[in-house]
Amino acid sequence: MAGQMDSNPSKWLGAPLEQLPTPALTLDQAKVRRNAERMRERCQALGLRLRPHVKTHKTLEGAALATGGGQGGIAVSTLAEARFFAAGGFQDILYAYPLPAGRMQDCLSLAQQLQNFQVLLDSPEGLALLRQHPLPAGKRWHVWLKLDCGNGRAGVRPTDPQAMSLARAIAQEAPEEVALVGVYAHCGNTYGCQDVPAVEGIARGTATAVVDFVTQLRAAGVSCPQASIGSTPSCSHPVPEMSLLTEVHPGNYLFYDLQQSQLGSCQLEDVAIRVLTRVIGHYPHRKQLLVDCGWVGLSLHGRDQAPFGCAAIEGHPELRLVGLTQEHGQVEAIDGRLDFESFPLGSILALIPFHACATAAMHPVYYVHAKGKVVELWHPVRGW
């Protein structure tokens, strides 16, 4: 991964950004804080609890900002994240991933350690797995039923009869062992939208489907206290129907990225993440610059997305990142007239990644800056 050559990143505290070893993932402190505050304000305006998903940044510092400093409820994608945040003092953790049969001992340990460790189910087999691994007396498995409201990934469709029967079984089959906390849906299909009205349409449809399902459950005598949906696009432009939910779980918004700006979730100036890279070669015969950021410092996500591909080059709309190999990037001028004198060897370009989650996963440290200098180092958890 990018940055692993630096065994002592703390030496860069206080350093100007231009002195950092590249490729380097940098975060604008003011923008991260502002993005966190705006999402909390949106949720407060709708009367919703915010359960930030931490899968983008995977850091204690990011989670503290997202929860307003109170170590409130969070959602994680991996058990490594769950253990990391548990060790950091978070007690309300939703493992927002289909229950993995091969990792039940990890789940058992977390459920016994935490005040409120919660899991997702979308099948009777998942429920049977929990019942085969009961918790000690006085503790129950806290379960969210995962619904698929059009995203087409995990989850049971709310219109399928088995959704109602599974919810009933979770709530009533063994109430001394398992409790139904609520229903959970991810609006990942918002990432296929072309504009904000389309995003709002999916958010509206998902919220309505979830609320209707919970209403049916309650009418059938099945207790279901919580209802949650989420994605950064849907939560960046929340619709009134979302006020009927109890919580939302966006994640990417803390950083935002090029993709989110294209979806209308944010403006480009709201994007807090950059990858700094240095020019390491001039190749006039092919009219290209070579930079020291390859796909291991950026990811290949977005490479087929017009107009920028994997990243935009900040302050240089005339340039495009046209190629990435493992440790090299190739840059050209759109019009073919590259002024090499404007980009001497060693000069720094700032890349705005297409997908912050994928890019952040490539870096072992994030350099947080204010007024051009490094003021914090964030160290993300890695692994599964």
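**Spaces, strands and cores**

A: Let's begin inside: helix α1 (residues 29–46) gives the largest share of the lining of the largest cavity, 3 residues. Helices (H or I, at least four residues) and strands (E, at least two) are DSSP runs, numbered from the N terminus. A cavity is a set of points on a 1 Å grid over the protein atoms alone where a 1.4 Å probe fits but cannot get out, and lining residues have an atom within 4 Å of a point. Keep in mind that this is a predicted model, where local features need pLDDT of at least 70 and side-chain atom pairs 80 or more, while totals for chains, interfaces and linings use all residues. Numbering runs from 1 along each chain as its sequence is written, and side-chain values use heavy atoms, without hydrogens or water.

Q: How many cavities of 30 Å³ or more does the search find, and which residues line the largest cavity?

A: The search of the whole structure turns up 1. The largest cavity holds about 30 Å³ of space, a volume being the space filled by probe spheres set on grid points joined across faces, edges and corners. Arg 42, Cys 43, Leu 46, Leu 48, Cys 235, Pro 238, Met 242 and Val 248 line it. Sorted by class, that makes 7 nonpolar, no polar and 1 charged.

Q: What volume does the largest pocket have, and what lines it?

A: A pocket is an open set of points with protein on both sides within 12 Å along at least five of seven lines. Here the largest pocket has a volume of about 1200 Å³. Its lining counts 49 residues, and those nearest the centre are Lys 55, Arg 153, His 186, His 355 and Cys 357. Strand β4 gives the most to this lining, with 4 residues. Elements supplying at least two residues each include α3 (79–87), β7 (178–186) and α9 (258–263).

Q: Which strands does β16 join?

A: Two strands pair if DSSP finds at least two bridges between them. Strand β1 (residues 24–28) runs parallel to β16, with 3 bridges, and Thr 26 faces Tyr 367 in β16. Strand β17 (residues 373–378) runs antiparallel to β16, with 5 bridges, and Ala 370 stands opposite Lys 373. In the β16–β17 hairpin 2 residues sit between the strands, and Lys 371 takes a positive phi near 55°.

Q: Is Asn 35 buried or exposed?

A: Asn 35, found in helix α1, is buried because its relative accessible area is 2%, where buried means under 20%, exposed over 50% and partly exposed in between (1.4 Å probe, protein chains only). Strand β16 (residues 366–370) is mostly covered too, with 4 of its 5 residues buried.

Q: Which residues touch the most other members of the largest nonpolar core?

A: A nonpolar core is a set of buried Ala, Val, Leu, Ile, Met, Phe, Trp, Tyr and Cys residues joined through side-chain atoms within 4.5 Å. Among the 87 residues of the largest one, Phe 117, Trp 141, Leu 145, Met 242, Leu 245 and Phe 255 touch the most other members. Helix α7 (residues 196–219) brings the largest share of this core, 9 residues. A second, separate core has 19 residues, including Ile 313 and Phe 343.

Note on methods. Nonpolar A, V, L, I, M, F, W, Y, C, P; charged D, E, K, R; others polar.
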